[in-house]
Amino acid sequence: MIARLLAISNQTLLYYYLLCNLSYLLMLFIAFRTSIAHHRKLQSFRLAWIKEAPLSPPISIIVPAHNEEKSICISVLNLLKLQYPELELIVVNDGSTDATLAALRERFRLRPIRAVYVSQIQSAPVRRIYRSETHPGLMVLDKDSAGSKSDAINAGVNAATCPYICVVDADSVLEDDALLRIMVPVLADPDRVVCVGGIVRVVNGSAIRNGRIERIRLPRKSIEIIQVIEYLRAFLVAREAWASANMLMIVSGAFGVFKTDLVRQLGGYRPHAIGEDFELVVRLHRYLLDKREKYRIAFLPDPVCWTEAPSDLKSLGRQRSRWQKGLLDGLWRHRQMLFRARYGRTGCLALPYLWFFELLAPLIESLGIASIIAAACVGILNRDFFVQFLLFGYAFATAISIGSVLQEELTYRRYNDWRDVARLLLYCFLEHFPYRQIQIYWRLQGMWQYLRGDNTWKTIKRTGLENPHAQPSPEGKASAPFMANQ
Amino acid sequence: MGSISEGFVSLGPAAFIVKALLVAIGANLLLLGFIVLRRSYRKRFFRRRDARLLEIQRDWEELTSGAIPYDSWRTKRFDLRIIETVVLDKLEAADREEATRLLKFLRASRLIEKLIFEARQHTGWRKNRALVALGRTRAPEGIPALAEALRDRELETRLAAIRGLGRMACPEAGNELLNWLTEVGLQVPALPLQSALVECCSERPRMLLNFLHNAEMPVRQVIARVMGEIAVPALGSDLLPFVHDEEAELRAAAARALPCCDGTLAIEALTELADDPVWFVRLRAVVSLGKLAHSTAIPPLLRCLRDPNRLIRLRSAEAVLKIKIGQAEIFQQVLAAKDRYALHAYVTALDNSGLQERLTDEIARHDGFSPATKSALLQALRTGNLHDENWEKVRKADFANAASAP
C-alpha cells in the first residue's frame, strides 16, 4: 500500500515538474519574441521627442522612506536628475527613527510649508510638510509610522497632484531615461494603459556617484550573483511573457507607474498588506474586469531601476520568507477570482499558475524530496531513472537560466565586461545546489509564519548605495520576482 | 547508430528522460556557444563601426559637399547606415542654415529617395523606422509617403507615420493629418495625434478652426485640445463661440486659449467658464485667469477658492497670488469667506511661492485695517486658521473696507 502511494506520489511529482519546466520554456520563447519586437519598436521612437512634447502627462514620483539615512539623499538626487518634462517628487518619511529627515533637510534645504493635505486615502497622520528651497519640485511629507510601506505610499498618493504616480524605493536609483522609457506605452495609448512596470536589477557591485550609475559590474559575492540571475529570469522572462498576454500580476514596488485616479478609486494600497505591490495589481485586474473595462497592464524591460539586494544569507532568507508571505496573503485575499469566467485568463490561467507553480512549489518540492527518500528506503526507487531525472532537471533549469542571460545579451546588454558574463554563465550552473534547497526552506518558513500570524517586519542588512559600510534598515521591498525560484 | 538506438530501447521508460537530458545538455551548449559567438562578433562589429565613424566624421565636409563622390559610399550598406544615422542626428540639432545644407546633401546623395522608398515598400518595423527617419529629415517631399502610411492597416505603422508627420512640424503635414482625421475618424490613440498636431499647427493655428467647426466627436475633441495648446492672440474672437459649446472639452480648450485674446473679452468669458458645471473646465478657466493676473479676475478666483474640487482651490490660490496688488485685502476677503478649505489653499499657495513675509509686511503696514483686524489677519496667516471670535472681526472689517478692496 505504502509502496503504491509512493509510486503515485513520485509520478505526480514527475508530471508536476515537467509541466512546470515546460511552462518556463514557453515563457522563455514568448519573452524572446516580445523582447525583440519591443526592441524593434523602439527604433521608430525617439525618446527625446517625449521629453519635448508639450502634452506628455506630468508624473508624481513617490518615494516611501523608513530609516534610509544612508541612501535617501543619493536616491533623491538621482530622481531629481531624471529626464522628463514635468515631475513632482514626493518623499514620504515614514516615521524614521534615524536621521533620514535631517539628512534631507540639510541636503535639500527643506522648509516647512502648510500645504493642503486631504487624506482621501486613509493613512497615518502627516506631521509636517516640507518643500525644498533648492529644488522646488521636491516635497517631503513627514508622517507617523503605521508600520507598513503601503501607508507611506498612500500618504504620497494623497499629496500627488499629477495624473500619474511612479513609486520608487528609497534604496534604488533609476537610469536617466527610465521615466521617458516607461511612459512609452502610456503615451501610445493613455486610455487603456493603466499601469506600467519597469525592470529591477541588482546594483550591488556597480559604482554610483552623485546619484548616477557610473559603471555597471557584477557583484562579487556568490549570493548576490545568484540573485542577479534570479532577477533576470523573473523580469526578462516571466514578466515579459505574462505582460505580453496582459496577465501581469505584479508590478514591482521598487519601480512602477500607475494612473493616480485609478489608485485613488481603489482606495490606494491596502494598509498592512505584506506584498502591497502584488496585491494592488491583482486588485486592479479585479476592479477593471468587474467593470468590464478594456485595459492593459504593461511591462517594459528597458526602463531600469537599480536596487540593492541582500548580501548575506540571513537577510536574503528574511526577504524571501516575506515575499512568500506576501504571495500567500495576496492570493488568499483574492481567491474568489480563481477559475471564474468573469475574470477571464487572469482568473483561469495567471492566478492558478501562481497558486500551483509559485505558492505551492516549495510545499510540493519538499514533499517530492521526502517521497523520493521514502521510496529509496522502501526500495521501490529506480536508482538509474532517478539519477537521469535529476540530471535532466538540472540541465533543463540551467538552460532556462542561460536563456535569461541570453535574453539580456540579445537586448539590453548592461554587463559589458567579458568576465562578468562568464561569471554569470558559470553561476547558471552553480545556483541549483544548495541555494535552491535553502530557498525552499525560507519559503516554507514564510508560509508557516503567515499561518501563525507572524507578519512582523524584520530588518535586512544593507550597505547603502554608495556607502560600503553595512547598516540595518527595515525591509522596504516586497516585489517578489516570481519565477525567481524555478 | 544501431547500438545507440538499441541502447535507448534497453532503457525502457527511462529512454525518454535520457533523450530529454541529452536535448537539454545540447541546448545548454548551443546557448553558451551562441552567446560567445555573438559577443565576439559584436565586439568586432563595433570596433569596425567606431573606426569607420571616426573616418566619416573626419571627412564629413568632403562627404556632404560631394567632393567624395556619393556613389563611392551609397552602395556600401555599412557606410550608408552610418552616414544616414549621422546626418539625421545632426539635423535634429541643426540651426536653419545647417539644416538647409544637410537637406541639400540628403537630396543630392539621394538618401531622401532611399528613405521614401523604404517608407513605401518595406513592411513592419523597417517601414516604421523609415517613416520616423523621413520625418526627422523635415523634407517636404517625404509628406506624401507619410500620408500614405496613415492609411496603413497596422496601428504601429499609422503611429509611426503620425510621429513622422509631427516631426515635419509644418502646416502641410498638419493638413494631411487633419484631412485624414476627417476622412476616417479617430483610429489611433488621441495623445500621439495631438502631439503631432501641436507640432504641425503651431505656426498656423487658424487652420484648425475650419476643422473644429465641421468635425464630429471625438475628432472635434482632439482638435479642440490642440487648439487649446497653440492658440495665439490673433485668433481673438474666433474662440469666443466655443465658450458656449455643448462639449466640455471644447469649453476647456477655449478656456485654455483665451488668455491669448483681448483682455476684457477674455476675462468676461473666463469668469463665465469659472462657474462651469464641469470641473476641468473650471480648472482651465482658473489657470487662465491666473495667467491674465488682472484685478478684475479677483471675484471669480475668490469664488473658485471655495470650489469643492481641491485642485481648483489650489490653482485659484496660485492664480490669485499672481495678482501683484492688494494682497492684504485679498487675504482679508479669503478670511471673510469663512471657508477653512479656501484659507488652507491660499496659505499653501502662499508658502509654496515664498510670499508669506511680503504679505505679513503688507498687512502690518496697511493703513485701512484696524489693529484688531491686523492682529486677526496676522494670526490667521501664522497659524493657517482663524478662531471663531476673530471671524466676526474680519467680517466686520471686510464690510468696512469694501471700498478699498481692489
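The legends below describe close-up views of a predicted model. Residues are numbered from 1 along each chain as its sequence is written, while chains are lettered from A in the order in which they are written. Because the model is predicted, local features need pLDDT of at least 70 and side-chain atom pairs count only at pLDDT 80 or more, whereas totals for chains, interfaces and linings use all residues.

**View 1. Chain B as a whole is built with 24 helices and zero strands.** Helices (H or I, at least four residues) and strands (E, at least two) are DSSP runs, numbered from the N terminus. The radius of gyration of chain B, taken over C-alpha atoms, is 33 Å, well over the 22 Å that the globule rule (2.2 Å times the number of residues to the power 0.38) gives for 406 residues, so chain B is more spread out than a compact globule. Along the principal axes, its C-alpha atoms fill a box of roughly 110 × 65 × 45 Å.

**View 2. Helix α10 (residues 155-168) and helix α11 (residues 171-184) of chain B cross at roughly 145 degrees.** Their axes, which are lines fitted to C-alpha atoms over the stretch in contact, with angles running from 0 to 180 degrees between N-to-C directions, come within 7 Å. I162(B), L165(B) and M168(B) of α10(B) meet A173(B), E176(B) and L177(B) of α11(B), where two residues are in contact if their C-beta atoms, placed from the backbone, lie within 7 Å. By class, this contact has five nonpolar, no polar and one charged residues; Ala, Val, Leu, Ile, Met, Phe, Trp, Tyr, Cys and Pro count as nonpolar, Asp, Glu, Lys and Arg as charged, and the others, Gly among them, as polar.

**View 3. Helix α16 (residues 263-273) of chain B has buried residues.** These are A266(B), I267(B), A269(B), L270(B) and L273(B), a residue being buried if 20 or more other C-beta atoms lie within 10 Å of its own, exposed if 12 or fewer, and partly exposed in between. Their cover includes α15 (248-257) and α17 (279-292) of chain B.

**View 4. Chain A touches chain B through 37 residues, which are in contact with 40 residues of chain B.** On the side of chain A that touches chain B, α14(A) gives the most, with 15 residues. The residues of this side divide into 22 nonpolar, six polar and nine charged.

**View 5. W418(A) lies in helix α15 of chain A.** W418(A) is exposed, with 12 other C-beta atoms within 10 Å. Between W418(A) and L80(A), the separation is 338 residues in sequence and 33 Å in space, C-alpha to C-alpha.
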